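Thanks for coming. Let me take you through one structure. Here it is on the screen.

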Amino acid sequence: MFTVTEAARGRLLSKLVGRKAADGEAFRFTRKNGGWKLRLDLPQPNDTKLVHEGRNVLLLNDDVTQTMTKLTLDVINAETKPRLTLLGLST
């Protein structure tokens with residue numbers, strides 16, 4: 001099962017506020033150059049919606065959920081600011 005920590009949900013919310021995302025928008029993972037990228041998007045009918053403080057922060061479709069089943073989205077403390085990171089990726 002794909003896991004998103006509370007810290008990651010909080011960071012996603014902070015990023016939404018910082019980008020001044022519209023109320024209905026949340027982040028969605030998409031594939032890019034063999035990796036994953038977050039982009040703003042609107043919910044689709046079959047999405048799994050992850051919520052933090054009453055707001056959708058992450059949208060996942062079935063394909064992404066199945067592909068990311070053994071991964072965890074968490075926050076690491078980088079030198080300048082907290083950063084989202086996917087744990088469990090094979091190198």
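**Charged pairs and a helix**

Start with aspartate 41. Aspartate 41 is buried, at a relative accessible area of 17%. Buried means under 20% relative accessible area, exposed means over 50%, and partly exposed lies in between, using a 1.4 Å probe and protein chains only.

A word on the source. This is a predicted model, where local features need pLDDT of at least 70, side-chain atom pairs count only at pLDDT 80 or more, and totals for chains, interfaces and linings use all residues. Residues are numbered from 1 along each chain as its sequence is written, and side-chain values use heavy atoms, with hydrogens and water left out.

Now, how many salt bridges does a search of the whole structure find? Three. A salt bridge here is a side-chain nitrogen of Lys or Arg within 4 Å of a carboxyl oxygen of Asp or Glu. In general, side chains of opposite charge can pair when their charged atoms come close.

Take arginine 28 with aspartate 41. Their side chains meet in a salt bridge, 2.6 Å from N to O. That pair links distant parts of the chain: arginine 28 sits in strand β2 (residues 26-32), aspartate 41 in strand β3 (residues 35-41), 13 residues apart. Strands are DSSP runs of E, at least two residues; helices are runs of H or I, at least four; both are numbered from the N terminus.

Arginine 28 also bridges to aspartate 47, with the closest N and O atoms 2.6 Å apart. Here too distant parts of the chain are linked: aspartate 47 lies in the loop between β3 and β4 (48-52), 19 residues from arginine 28 in β2.

Then aspartate 41 meets arginine 39, at 3.4 Å, N to O. So Arg28, Arg39, Asp41 and Asp47 form a linked network of salt bridges.

Buried or exposed? Arginine 28 is buried, at 5%. Aspartate 47 is buried, at 10% relative accessibility. Arginine 39 is partly exposed, at 35%.

Last, helix α1. Its 13 residues, 6-18, should span 18 Å at 1.5 Å a residue, and the end C-alpha atoms are 18 Å apart, which agrees. The expected span is 1.5 Å times one less than the number of residues. Buried residues of α1 include Leu12, Leu13 and Leu16. Just after α1, lysine 20 takes a positive phi of about 55°.
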